[in-house]
Amino acid sequence: LYRPNYLDDVFVVTGETTGSTALAGVVTQSDLQRVNGQYSATLALRIAGSYVYSVKLGNLQVPFDTSATTDAQGKALGNVLAGAMDPAKVLLTGAGRLGGQVNENLNFRVYPQDQFDNVVSVPVGSCTVTLTPTAASPNGVFVGPVPDLAAATSGTTCAADPACAGSPGCQLRVNYKVANAGQYALSVSIGGAQVAGTPYDITVAAGAINPAASFVSPTAALDAGTTAGERGSFLFQSTDAEGNPLSTGGANIEVFALLQGQDPPGTPGGVIDFGNGTYEIYYDVEVGGTYSISVLIDGVNVGGSPVPNVFVAAPQVSAAQSFLYGTGRTSAVAGAPTTLFVQCVNSFGAYQALASGDTITANVAPPEGLMAVDYYTAVQQPTVASNRIVAVNNEGLYSITYTAYTIARWNTTASKAYTLSVELVIGNVIGVIGGGGDPLAASPTSVTLSNGPPSAAKTLTAPALSPIGRLYYEGVVGEISRFLVLPRDAWENSVVYDPFDIINFSVFVQLLTASNALITPYMRDNQDGTYSAYFNLDRVGVYNIWVSMCETTCPPDAFVRIGDGITQVEFQLLPGANDFSKFLAFGPGISEPVTVSEPATFFVQPRDGFSNNRIDNGNLISELRAGISLVTRTGSAVRYNSTDVPFFVSWNPDTSLYEVQFTPAKSGTLVTSISISGVFIEGGLGFSQTITAGAAFAAFSEADGPGLRGAM
């Protein structure tokens, strides 16, 4: 029917895929064109395979004519074939397209497809696979190019997959095997057109590790010869049976270092696995000698193993393990050669002598502050002569002899601490003796330097502090006097010497102006390295003192020195304090008759309690004026008249005497008493002498008697 006005008639024409594939059930609706009452349906189908077609007008199924093959529902059945192969749509699947392992059967599949991804059947011979090396394999072998895998590998190039052989659109299967590891370019061409996405960059890895093919380098092993106590190591590359270096780790590798003459297997070594097929082989041995180094994989020696004649030098002496001992390590006597010992030890605790060219150095340093010049003399530096370091045996024992000196007149009696440093120079590397972890046997050490025996030639005397605060060799009568003896050794060090007792001192004190009687004072040890000589004399004067250090009779050189080589000192004994009761009055004015009208004088001598004359300063004039009484007595001894005699007291600085002057006016008996501050001087309770009349003087003469009044 042709009804042009039936524009609303709607025909729906569809094509639907069938089968069991994932693409089943896809419905494609056609485009319709009406021409002179007929409709033309065009379906754009992109999926190759079986289809059913239907035509509907509204809800009614439009039947097909008898030329069509239909199903039970009246739908037409048909096939859609794939289009022409599109190289850009060819699909490669399977792990083999990315490479694999040497000598492994590798494969992948090739799916030729049209532009709509439908698999296309192609002639087997139209597919070509090319494998081209792009980089040298790790073992240095560069293989290829291989234009046709069939010529160099097992398997068939681009064979039809047995799983679908003979079916339309059956994929292709590629099988190949490569003997050399490396990087390759894998290209696939179909019908002369290269498949898009190829060539692939693939990696053919080495195969399983093979001990026989894995080879240890003798040169590397020999070069790894070292010194005992230090690690020897070299690199080892594992390979497969074809000699391809492995790129993965995890191998079971054992290492042994066998000393010549010992039983196998030897000292176990170790392995550092870098995870890339290479390993660091190492060994640690404690004894020098010639070794063979064995490398085993899974208990089997690798190629070139064991490597013989690997030399390991003897270990070096370890400064840290070596130690000091002997008394000279901590103590010494001034001026006396002192010895200590160094025991050299290697890093494994064994005694070992120094190698040729290795040396010991030693230094003894004085205490800080004693490096320059002492108060009197230059510092005596400690010395350690190189020729005093002597090998005691061939097992690393050495003796060091040094001599240290203390400082002359250093103001302390404590022992001087020196610093002893001992170092080993091993292969031009300086190491301090470490004592093997024992700080008491390590360097540096503190050396207590004690004084030597007392030396009379160096021992000194010194004055004590005088009563008036001055350092003089002087004392006061009636008081304990003292001076100091300062023992010194031959190097002028203060002596603190336990066995050195005061009985070893003989101190001679002699009075210079008397009979040179020998006086031995009391000696006391002051417990500070000095000794005091105590004595008590009651006569002023200057005494000569000789001090000697001997027990009995002293030889001439036993006398100690006062200073600058002098062996004698003068000790001045001064008078004591004023003792008024010991003051002495003397002179004609008190001990001889005096004459009327003639001046008379007597003197008062200041003295101490031992009647030693004192030098006074005249400060007792007032006390003497108050304490002197001069009286003239006339008459009988029972009944008399007293007349005071005027006097004058003065001080004579030239004679250090008080002078008393008076002139008697009457004859008679002169009675003199003298006291000072209520204390009568010696004999001062009453001096008595006669006052005689002077020459006749007419003006004062008298005539008397009854004859002057008349006579009978």
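The questions and answers below concern this predicted model.

Visitor: How many helices and strands are in the chain?
Guide: The model is predicted, and what follows is computed from it. Of the 712 residues of the chain, 40% count as buried. The secondary structure consists of four helices and 52 strands.

Visitor: What share of the contacts with a separation of 6 or more comes from residues 24 or more positions apart?
Guide: Contacts here are heavy atoms within 4.5 Å. Among contacts in the chain with a separation of 6 or more, the share from residues 24 or more positions apart is 65%.

Visitor: Is strand S49 largely enclosed or open?
Guide: S49 covers residues 657–662, and a residue counts as buried under 20% relative accessible area. Five of the six residues of S49 are buried, so the rest of the structure leaves this strand largely enclosed.

Visitor: Which residue is the bridge partner of Thr601 in S49?
Guide: Strand S45 (residues 600–605) pairs with S49 in the antiparallel sense, over five bridges. Within S49, the bridge partner of Thr601 is Gln661.

Visitor: Which residue stands opposite Val660 in S49?
Guide: Strand S48 (residues 647–652) runs antiparallel to S49, and six bridges join them. The hairpin of S48 and S49 has four residues between the strands, and Ser656 takes a positive phi near 55 degrees there. Opposite Val660 stands Val649.

Visitor: Is Leu424 buried or exposed?
Guide: Leu424 is found in strand S31 (residues 416–426). Its contacts beyond four places in sequence include Val317, Ser318, Cys344, Ile360 and Ile433. Ser318 is 106 residues from Leu424 in sequence, but the C-alpha atoms are 8.4 Å apart in space. With 0% relative accessibility, Leu424 counts as buried.

Visitor: With which residue does Asp117 form a salt bridge?
Guide: Side chains of opposite charge can pair when their charged atoms come close. For Asp117, the closest N and O atoms of the pair are 3.8 Å apart, and the cut-off for a salt bridge is 4 Å. Asp117 counts as partly exposed at 43% relative accessibility. The partner of Asp117 is Lys89.

Visitor: How many residues apart in sequence are the parts tied together by Asp284 and Arg231?
Guide: The side chains of Asp284 and Arg231 meet in a salt bridge, at 3.0 Å from N to O. Asp284 lies in the loop between S21 and S22, and Arg231 in the loop between helix H2 (218–223) and strand S17 (232–237), so the pair ties together parts whose separation in sequence is 53 residues.

Visitor: Is Arg607 buried or exposed?
Guide: Arg607 forms a salt bridge with Glu682, with the closest N and O atoms 3.0 Å apart. This pair links distant parts of the chain, 75 residues apart. Glu682 is partly exposed, with a relative accessible area of 36%. Arg607 has a relative accessible area of 9%, so this residue is buried.

Visitor: What is the omega of the peptide bond from Ser305 to Pro306?
Guide: Pro306 is found in the loop between strand S23 (300–301) and strand S24 (307–312). The bond from Ser305 to Pro306 is cis, with omega near 0 degrees.

Visitor: What is the phi of Ser597?
Guide: Ser597 is in the loop between strand S44 (594–595) and S45. With a relative accessible area of 57%, Ser597 is exposed. Its phi is positive in a residue other than glycine, near 75 degrees.

Note on methods. Residues numbered from 1 in each chain as written. Predicted model: local features only at pLDDT ≥ 70, side-chain atom pairs only at ≥ 80, totals over all residues. Heavy atoms only, no water. Helix = DSSP H or I, 4+ residues; strand = E, 2+ residues; numbered from the N terminus. Buried < 20%, exposed > 50% of the residue type's maximum accessible area, 1.4 Å probe, protein only. Pairing = 2+ DSSP bridges.
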